[in-house]
Amino acid sequence: AQYYNEEFKKSLEMLKKIKSERISQHYFVLQEYSKLLVKADKIFGLLVEGSTGRGKTFQILNSVLGLGLKLNEDFVFLTTYVTPLEFYHFCYTNKDKLIIVDDVPQLFNDRATIGVVLSFLWSATTKRTVEWHSTTTKLKVPPQFNPTGKMIIISNRIPEAITTVKSRCLNYNIEFTHSEMLELIYEVCKVSNIPMEIADFIRDNTDMTTSDDVMNLRLPIKVYEIYKHNKEKWQELAKAQLNVDREIKILKEILCSSLSKAQQIREFYERTGRHRSTFYRWKERIEREMEYQKLAKSVADGFYAKEKLQEKKQETEVKPIESITLLPIENQLKNLKIP
């Protein structure tokens with residue numbers, strides 16, 4: 001535990017040195033929500049949801065450190081399996097701090113743990129009260145306490161049934177299109193001194209059907225490790241990492257068909273087993289991807305508009321060879337001026 005704590009402190013120091021305006025633009029809302037939670041008087045929780053490798057934890061820690069908060073003094077970090085009773089102990093011990101719970105999957109699988117989270121995040125009165133109702137002899141702290149701290153919960157997916165948690169705090173679902181993720185990957189390569197050849201490879205060998213589990217900010221690091229240790233066959237080895245999300249691919253095919261909306265939903269269900277809500281959520285994502293690409297193209301076209309206009313002007317000024325009328329040789333000699 002001591003070793004882990006020291007290593008974690010080192011990573012926090014590294015975070016302070018990594019600055020990128022382009023990356024910050026993509027995480028503006030998440031960064032501002034993190035700061036708002038620390039400063040707010042009536043909001044006690046932030047729930048952040050998103051696929052793995054989206055930089056959720058990185059950006060939250062960056063924001064917290066930017067406010068001058070210190071690890072173990074002002075905030076604590078929980079990112080491991082914990083029993084409901086241990087979680088209650090942890091919340092009691094750190095009741096006056098900002099608690100960051102990162103990817104603890106069983107957190108919402110137990111009613112006792114959910115009860116602790118709900119009580120920590122909200123109260124109808126001026127005081128929040130967290131209680132542990134049990135006759136167990138393993139309880140090492142008081143069965144009731146009044147927290148003054150706050151909590152950030154980071155998870156890849158929050159069960160839809162836990163709406164009571166969402167209603168008690170700020171919520172943010174972080175999701176990027178393929179194009180947005182590519183922009184971030186290029187920027188990560190730049191600030192991490194990873195050759196741009198790696199980013200180009202990812203660009204040329206992925207698309208919107210590439211799995212979210214693959215297309216994330218950890219991908220350039222993995223590909224770079226392959227590149228460093230096998231420069232002859234690194235591309236072949238790296239391509240094996242780029243799994244296609246079969247269901248997204250199927251949906252893309254269905255959306256490009258001539259089927260009616262009802263037929264598309266039925267076809268999607270028959271081929272994937274996914275329901276209507278998933279169809280519309282992923283459909284929106286694909287449409288957002290297309291819109292983003294369209295916007296990116298218009299921006300690029302704007303950058304080169306002057307050059308394109310000049311090229312077009314030059315094309316119109318150049319007359320084709322067949323339109324030139326050849327004068328008789330004697331007329332050409334008369335018009336010829338010799339100094």
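I began with the inventory: the protein chain has 16 helices and seven strands. Helices (H or I, at least four residues) and strands (E, at least two) are DSSP runs, numbered from the N terminus. I am working with a predicted model, in which local features need pLDDT of at least 70 and side-chain atom pairs count only at pLDDT 80 or more, while totals for chains, interfaces and linings use all residues. Residues are numbered from 1 along each chain as its sequence is written, and side-chain values use heavy atoms, with hydrogens and water left out.

Next, burial. Of the 339 residues of the protein chain, 40% count as buried; buried means under 20% relative accessible area, exposed over 50%, partly exposed in between (1.4 Å probe, protein chains only). I also checked contacts, meaning heavy atoms within 4.5 Å. Among those with a separation of 6 or more, 71% come from residues 24 or more positions apart.

**The sheet**

In what order do the five strands of the open sheet run? I read it as β2-β3-β6-β1-β7, with parallel pairing; two strands pair if DSSP finds at least two bridges between them. At the edges I found β2 (75-78) and β7 (170-174), each pairing on one side only. Neighbouring strands are turned by 15° against each other on average, direction ignored.

I then looked at β6. Strand β3 (residues 98-102) pairs with strand β6 (residues 150-155) in the parallel sense over five bridges, and β1 and β6 also pair in the parallel sense over five bridges. L98 stands opposite K150 in β6. M151 has I99 opposite, and G45 stands opposite M151 as well.

Helix α6 (residues 111-121) touches β1 (45-50), β3 and β6, at about 130° to the direction of β6. I took these angles as defined: axes are lines fitted to C-alpha atoms, for helices over the stretch in contact, and angles run from 0 to 180 degrees between N-to-C directions.

Is β6 covered or open? Six of its six residues are buried. K150, I152 and I154 point one way, and M151, I153 and S155 the other.

**Around F44**

I placed F44 in the loop between α3 and β1. F44 is buried, with a relative accessible area of 16%. Leaving aside neighbours within four places in sequence, its contacts are L37, F120, L121, R128, K150 and M151.

**Aromatic pairs**

Rings of Phe, Tyr and Trp (its six-membered ring) pair if their centres lie within 6.5 Å; planes under 30 degrees apart count as stacked, over 60 as edge-to-face and the rest as tilted. By this rule I get eleven aromatic pairs. One of them is Y33 with Y172, edge-to-face at 6.0 Å centre to centre and 85° between the planes. Y33 lies in helix α3 (residues 28-39) and Y172 in strand β7, so the pair ties together parts 139 residues apart in sequence.
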